[in-house]
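Hello,

Here is the structure for you to look over. My notes follow below it.

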Amino acid sequence: MEVFEYMGENWSYILEKLWQHFYIFLISWAFAIVAGILLGIFVTRSGNEKIGKVVLSISGAAQAIPSIAVIALIFVFLGIGALPAMVALFIYSLVPIVFNSASGLLNVDPSVKESARGMGMSNSQILRKVELPLVIPTVFSGIRTAAVINIGTAAIAATIGAGGLGEIILLGLRMMSYPRILAGAIPVTLLAIVIDIILARLQKRIISPGLKILQEGRSF
Amino acid sequence: MKIQLKNLTKDYGSIVAVDDLNIEFDEKKITILIGPSGCGKTTTLKMINRLIERTSGDIVFDGKSINDMDRINLRRHIGYAIQEIGLFMHMSIFDNIAVVPRLLKWPENKVKNRVAELMDLVNLDPDEYMYKYPAQLSGGQKQRIGVARSLAANPEVVLMDEPFGAIDPINREKLQDAFLEIQEQIQKTIIFVTHDIREAIKLGDKIAIFNRGKLVQYDEVLNVINKPANGFVENLLGSDRALKGLETMRVKENFDTDFYSMNTIEIKTTGEALKFLDDNGRRYCYVVDGKNRLKGYVGKRELEKRKPETELKEEIKNIESLQPYSNLMEAISTMVVAGLNTCPVVNAKDQLLGVVRFKEIFKIAASFQSED
């Protein structure tokens with residue numbers, strides 16, 4: 001088991017790369033969450049319907065662009081390093097979040113909004129108390145997708161000098177050293193799985209029981 | 001609260017949805033706005049809480065123009081219920097009903113008392129349903145919550161846009177009966193949109209009939225039936241308008257409560273039941289439980305086949321019943337379908353109140369026809 005031997009000898013290096021990986025993921029993902037939800041809200045406010053349609057179709061199509069293409073484009077415009085890599089990851093994780101936020105908000109039943117308005121809620125109250133809680137399931141699944149693809153794409157971003165666990169994998173590939181490849185690949189996989197499990201737990205907690213019952217179609 | 005619409009007009013470019021409308025709504029009464037789709041009834045309703053802004057004219061609340069009121073605050077003081085209900089699926093029943101009181105910053109213990117009170121009012125057990133979610137309720141139950149929600153902050157005025165339109169016919173009649181019972185308790189000024197003339201006759205104190213944005217007739221229900229303003233109104237009422245007069249009369253004014261001593265028993269055994277029937281010289285009687293809730297009826301012939309000490313159970317046969325707010329038209333059709341000469345009347349808790357007799361209704365119908 002050369003892998004574990006290698007990992008044992010280089011644990012502090014691997015930990016450092018793991019931390020780097022986690023860091024570029026977390027920063028770019030967090031910005032994508034904030035920007036994605038805000039953008040989703042903006043394009044669905046009344047008066048912005050036209051922009052909304054454009055954003056929705058762009059973000060729908062953009063989900064099909066391979067991650068390597070985004071990274072390559074960013075390299076062309078911004079060069080190499082951790083910052084350009086984070087920009088690429090930000091853009092790439094933004095897509096599912098914007099798409100899910102905007103489509104979720106567009107699909108909120110108009111009669112629900114009408115009754116909220118008729119009861120005397122202001123626009124911001126309708127957004128905060130009615131629309132957003134109703135679209136949490138949709139938005140959150142976008143956030144989860146973004147996290148998983150972000151962690152995977154961050155490994156590829158090592159090609160433009162992002163650092164992180166991808167660096168170990170790339171080095172291993174160049175040296176044809178399986179222990180190195182695995183010493184990078186195993187922690188990346190674990191990181192993605194752990195983050196997804198944490199988010200799944202969080203999702204269970206923050207979604208209203210009323211919506212879970214609705215989704216499961218259970219009547220009692 | 002007195003509401004007046006003065007020269008109220010709404011146009012969408014060249015299309016005039018509501019044309020120079022003048023109405024004064026009666027306080028504490030139910031006014032129905034009715035007409036074919038596109039006649040302007042819903043537009044009129046929504047102008048009252050400013051979900052739609054009028055083009056010209058004015059709406060006056062107790063002498064105060066709608067111009068001088070804050071739109072959001074106005075809506076918080078006017079109840080609003082719609083056909084689609086629009087409950088918030090992520091909120092418990094409690095939170096759904098509590099929306100407006102909380103917007104008005106009521107203290108939380110007052111909110112809690114009010115929610116329980118309203119759930120009682122619409123006949124949904126607070127202990128059982130308060131913390132359930134809308135997805136766990138049937139359509140009829142959801143609509144009851146919709147009505148409760150519109151009444152939550154105790155508004156003087158409630159606007160209702162076909163609130164029972166999406167409910168199946170059987171439950172709709174029950175909801176309408178319950179709604180009338182509620183209105184008798186709460187006495188709100190209710191403006192109610194429907195396209196169903198039967199609903200209008202059943203629920204309305206006054207009816208405002210619309211066609212193409214104009215008010216065609218505005219009068220008390222019986223006057224509309226007896227003196228339709230023109231052919232349009234006659235058409236709306238349909239050919240059986242004489243019989244529709246029966247729909248304006250309710251069981252509660254025409255049933256017999258003095259039947260009690262001879263007709264009903266709270267009994268435990270077959271023997272007791274038989275003795276009761278013999279003593280009163282009857283062949284049938286109603287059976288109620290300890291809380292006066294109607295269980296059904298028993299017949300002498302069946303009882304005689306049983307041992308006197310056996311407890312009454314399968315001998316009790318189900319019987320159709322009416323509610324005080326059912327109208328006489330419904331009473332007739334229930335009795336014809338069930339083949340009964342008399343029909344028991346129960347309240348919302350199933351407690352027996354009295355009986356309706358077919359003969360009596362027939363007399364009323366006959367007198368009504370001759371007036372016409």
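A nonpolar core here is a set of buried Ala, Val, Leu, Ile, Met, Phe, Trp, Tyr and Cys residues joined through C-beta atoms within 7 Å. Buried means 20 or more other C-beta atoms within 10 Å of a residue's own, with C-beta atoms placed from the backbone.

The model is predicted: local features need pLDDT of at least 70, side-chain atom pairs count only at pLDDT 80 or more, and totals for chains, interfaces and linings use all residues. Residues are numbered from 1 along each chain as its sequence is written, and chains are lettered from A and ligands numbered from 1 in the order in which they are written.

The largest core has 118 residues; A:L89, A:A157, B:I32, B:A148, B:A152 and B:L159 touch the most other members. Helix 5 (residues 82–106) of chain A gives it the largest share, 13 residues. Another core lies apart, with 22 residues, including B:V251 and B:V355.

Chain B has 17 helices and 15 strands. Both are DSSP runs numbered from the N terminus: helices are H or I, at least four residues, and strands are E, at least two. Of the 372 residues in chain B, 42% are buried.

Now helix 8 (residues 169–186) of chain B. Its 18 residues reach 25 Å from first C-alpha to last, close to the 26 Å expected (1.5 Å times one less than the number of residues). Its buried residues include B:R172, B:E173 and B:D177, along with B:L175 and B:F179. Their cover includes helix 7 (139–150) and helix 16 (328–338) of chain B. Just after helix 8 of chain B, B:Q187 takes a positive phi of about 50°.

Best wishes

Note on methods
A residue is buried if 20 or more other C-beta atoms lie within 10 Å of its own, exposed if 12 or fewer, and partly exposed in between; C-beta atoms are placed from the backbone. Two residues are in contact if their C-beta atoms, placed from the backbone, lie within 7 Å.
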